[in-house]
Amino acid sequence: MSDSLPHVQELALAEYDKTTSDRLSLLWLKPSAARYTKLPSRVINIDYSSADTSSSSKNWKNVAINPTKYIWLNGQLVPWADATEHVMSHVMNYGTSVFEGIRAYETPQGPAIFRLADHIRRLFDSAKIYQIEIPFTFEEICDACRQVIAENDLPQAYIRPLVYGGFGELALARTEATPIRVAVAAFPFGSLHGAHSTSQGIHACISSWQRTTPASQPMLAKAGGHYLNSQLIAMEARRNGYEEGIAVVDGYISEGAGENLFIIRHGIIHTPPLASAILNGITRDTVMTLAESMSLPVREAALPREMLYVADEVFLTGTAVEITPVRSIDRIPIGSECPGPITLQLQQQFFGLFSGKTKDRWNWLDRVPVSIKS
């Protein structure tokens, strides 16, 4: 892949206006009426070496699962190696599962789980959408998350609560003959795209695969089967030398393979609405809340694909990527620096929650007491 780009000549053809519903309206003007802002041509060399497409890519090691001592399985802690399931279980055959991805951060007061209650609430919502009856209470699942941190002595970790259909029957229309099982694992985890991705950014592309829409699947549910679409998007991006793929729906931006997406243009933060077939991300909501507290304007609106190419800044959000800036999309550079100034401000506020520099006014940190250990 070439590491140089052709001349990029940006032409601003859009104006912005707030509608009566306080949502951003993109007005494509006729040439005779448009006010053009022509920016100088530039040649930018981008190093794509970090987007290694080989199986030995240095970034792949960041998502390897490092086993810990215990997993919480159906109400009790069991050794990691004993947390197994029959190959003919419902989840193996049909992807019958809902799950969460949660982070525990190291803080001056010890490990703290970030927005635990919000994550587990979404887990129960996902189960309800798919008519899965979770055989444990909300608080029992929250306690299980705390236990796997404490019992495995993890100062920071990725937590995976998983609700799935076990062994019992082959029918698509599940009955009580398919047991619902629950597991919660926790293990050390770095940044999804590498240690320097949050500070240096990543290269992304528009995927040829569209995001599955709510007409086919309930996209507000975080369900295992949904992520087959995400795998196609992510694998295509890797194969073509990028670190992440971005999905569209009928020409409008949806989200990354497994992340929400934000665009900054003229000091305004834009993000696709829930109707754009996105997951209602917890980190997405965190960023929007932090931005509001910083008096930064945020607009939820349908965004055409080309908005990415004229953005001043672009970043992805999610438990695995946290707040990761995007350096280029389809080899077109984004902005003049990475991370951009607004992305950097949001990162500082976000990571400050765990260092203590940002006051946790929203009670997002669920601290893991040492006394929880059995």
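Visitor: Which residues make the nonpolar surface patch of about 750 Å²?

Guide: A patch is built from residues with over 30% relative accessible area and no salt bridge, like charges being joined within 9 Å and nonpolar side chains (Val, Leu, Ile, Met, Phe, Trp, Tyr) within 5 Å. Here the patch of about 750 Å² consists of Val87, Met88, Met92, Tyr94, Phe167, Leu170 and Leu172. This is a predicted model, in which local features need pLDDT of at least 70 and side-chain atom pairs count only at pLDDT 80 or more, whereas totals for chains, interfaces and linings use all residues. Residues are numbered from 1 along each chain as its sequence is written, and side-chain values use heavy atoms, with hydrogens and water left out.

Visitor: Where is the place of Phe167, and what relative accessibility does Phe167 have?

Guide: Helices (H or I, at least four residues) and strands (E, at least two) are DSSP runs numbered from the N terminus, and Phe167 belongs to the loop between strand S10 (157–165) and strand S11 (180–187). For accessibility, buried means under 20% relative accessible area, exposed means over 50%, and partly exposed lies in between (1.4 Å probe, protein chains only). Phe167 is partly exposed because its relative accessibility is 48%.

Visitor: How many residues of strand S12 are buried?

Guide: In a regular strand the side chains alternate between the two faces of the sheet. In S12, 5 of the 5 residues are buried, so this strand is largely enclosed by the rest of the structure. Both faces are covered, with Ile202, Ala204 and Ile206 buried on one side and His203 and Cys205 buried on the other.

Visitor: In which sense do S12 and S13 pair?

Guide: Two strands pair if DSSP finds at least two bridges between them. S12 and S13 pair in the parallel sense over 3 bridges, and 3 bridges also join S12 to strand S19 (residues 322–329), with which S12 runs parallel. Ala204 takes part in both pairings, standing opposite Ile329 in S19 and having Glu244 as its bridge partner in S13. Ile329 and Ala204 are 125 residues apart in sequence, yet their C-alpha atoms are 4.8 Å apart in space.

Visitor: With which residues is Ile329 in contact, leaving aside its neighbours within four places in sequence?

Guide: Contact means heavy atoms within 4.5 Å, and on that basis Ile329 touches Ala204, Cys205, Ile206, Ile246, Leu308, Tyr309, Val314 and Ile334. Ile329 counts as buried because its relative accessibility is 0%. Ile206, which is buried at a relative accessible area of 10%, has contacts beyond its sequence neighbours that include Ile246, Val248, Arg305 and Asp330.

Visitor: What should the 13 residues of helix H5 span?

Guide: The expected span of a helix is 1.5 Å times one less than its number of residues. For H5 (residues 227–239) this gives 18 Å, which agrees with the 18 Å between its end C-alpha atoms. The buried residues of H5 are Asn229, Ser230, Ile233, Glu236, Ala237 and Arg238, and what covers them includes strand S12 (202–206) and strand S13 (244–249). Just after H5, Gly241 takes a positive phi of about 90°.

Visitor: How many salt bridges does the structure hold?

Guide: Side chains of opposite charge can pair when their charged atoms come close. The criterion for a salt bridge is a side-chain nitrogen of Lys or Arg within 4 Å of a carboxyl oxygen of Asp or Glu, and the structure holds 12 of them. One of these joins the side chains of Arg211 and Glu255 (3.2 Å, N to O). This pair links distant parts of the chain, with Arg211 in the loop between S12 and H5 and Glu255 in strand S14 (residues 252–256), 44 residues apart. Arg211 is buried at a relative accessible area of 4%, and Glu255 is buried at 6%. Arg211 is also in contact with Ser230, a residue of helix H5.

Definitions and conventions:
Areas by Shrake-Rupley, 256 points an atom, 1.4 Å probe, with all protein chains shown as cover.
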